[in-house]
Amino acid sequence: MTIRKSSLIVLVMFLWAACFPLIVAGFAYAPHLTFAALRAFFAGSALVALGMILGRSWPRGRGVWLAIIGIGLGATSLGFLGMFMASEFILPGLATVLANAQPLMAAALAIVVLGERLGGRGKAGLALGFIGILLIAAPQYQAPAGNTFVLGASYILLAAVGITISNVLIRALAERADTLMAMGSQMLIGGVPLTVGAVLYEDPMSVTFSPQFILILLTISLFGTSLAYWLWSEILRTTELSRANAFAFLVPGFGLAMGVVFFGESIGLLTGLGILVTLVGVAMTNMDRPEPAQTSDASVK
């Protein structure tokens, strides 16, 4: 993997990590599902508008649209639902651990669906990455209890499953649809169930469109969502999902660094060791030579 491509992947992970504090900050101005729906529609509209200005083509073909719908329901509907709702029920450290089991699930699914293969070094790197996440989050553990913990964990795992499935579909869409139009469309599609949920269970009219909330909404929509997903889909055109997704283990590290800079949190010995182990795991995965395997047809027709 080239330095340029690795740098772009790290940028995507940083943008996704920045979403977590922005989500929490936005709760002061908007209900959870309403905020999530607004994020989806602002981000999707921005990508579609840019694509139309640049003269990009709309996706074509039933199979392509089915994949886009699947991405929308996975990455946007389930992913946003899990991220926005879990913060009410589960501690951030444990939520980070559960959410970042996603690269391991994606690696397994990519082997089955996309025919990708990792050698021994790559498999060990993924395992180290997850161990690093455990070490990073360990100091934050407190004893959550009862139904609250179960509900929060369920939301986080729901988001992880949705993102896992969508990443496999994005990889399978490589060269089959324009990334701007495809990613914009999936966000608009995925925003529909979030809107329905907001209307049924919240009061969307209670949103406070203050300058602070508008800034939060535009930042998380345009940078943490539109730019991040466009770059991610471009990266997956030429990069195996297992290798690119290994960088997802960096997200909790970035989140912790933001906590240190903006919220005065401290990094202990165990957390520092976890960051080091995570970096080693990512490096091992991306230096891995895949095992010989029969390639399967992963294209979406």
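**Ground rules**

I note that this is a predicted model, where local features need pLDDT of at least 70, side-chain atom pairs count only at pLDDT 80 or more, and totals for chains, interfaces and linings use all residues. Residues are numbered from 1 along each chain as its sequence is written, and side-chain values use heavy atoms, with hydrogens and water left out.

**The whole protein**

I found 12 helices and zero strands. Helices (H or I, at least four residues) and strands (E, at least two) are DSSP runs, numbered from the N terminus. I then looked up burial, and buried residues make up 50% of the 301 residues. Buried means under 20% relative accessible area, exposed over 50%, and partly exposed in between, with a 1.4 Å probe and protein chains only. The accessible surface comes to about 13,700 Å², and carbon and sulfur atoms hold 70% of that; the areas come from the Shrake-Rupley method with a 1.4 Å probe.

I looked at contacts too (heavy atoms within 4.5 Å). Of those between residues at least 6 apart in sequence, 92% join residues at least 24 apart.

I checked which residues of H1 are buried, and among them are Ile9, Leu15, Trp16 and Cys19. Tyrosine 29 sits in the loop between H1 and H2. Tyrosine 29 is partly exposed, at a relative accessible area of 22%. What does tyrosine 29 contact, leaving aside its neighbours within four places in sequence? I listed Ser206, Val207, Thr208, Ser210, Gln212, Phe213 and Ile216. The C-alpha atoms of tyrosine 29 and phenylalanine 213 are separated by 6.3 Å, though the two residues are 184 residues apart along the chain.

**Helix H8**

At the start of H8, a side-chain oxygen of aspartate 178 reaches to within 3.1 Å of the backbone nitrogen of leucine 180.

**Salt bridges**

Side chains of opposite charge can pair when their charged atoms come close. My rule for a salt bridge was a side-chain nitrogen of Lys or Arg within 4 Å of a carboxyl oxygen of Asp or Glu, and the count comes to three.

Aspartate 178 pairs with arginine 56, their closest N and O atoms being 2.8 Å apart. This pair links distant parts of the chain, 122 residues apart. I noted aspartate 178 as buried at 18% and arginine 56 as partly exposed at 34%.

Arginine 237 forms a salt bridge with glutamate 175, at 3.4 Å between the closest N and O atoms. Arginine 237 is buried at 17%, whereas glutamate 175 is exposed at 59%. Arginine 237 also bridges to glutamate 234, at 3.8 Å between the closest N and O atoms. Shared partners join Glu175, Glu234 and Arg237 into one network.

Notes
Polar contact = N/O pair within 3.5 Å; in protein donor to acceptor, adjacent residues only side chain to side chain.
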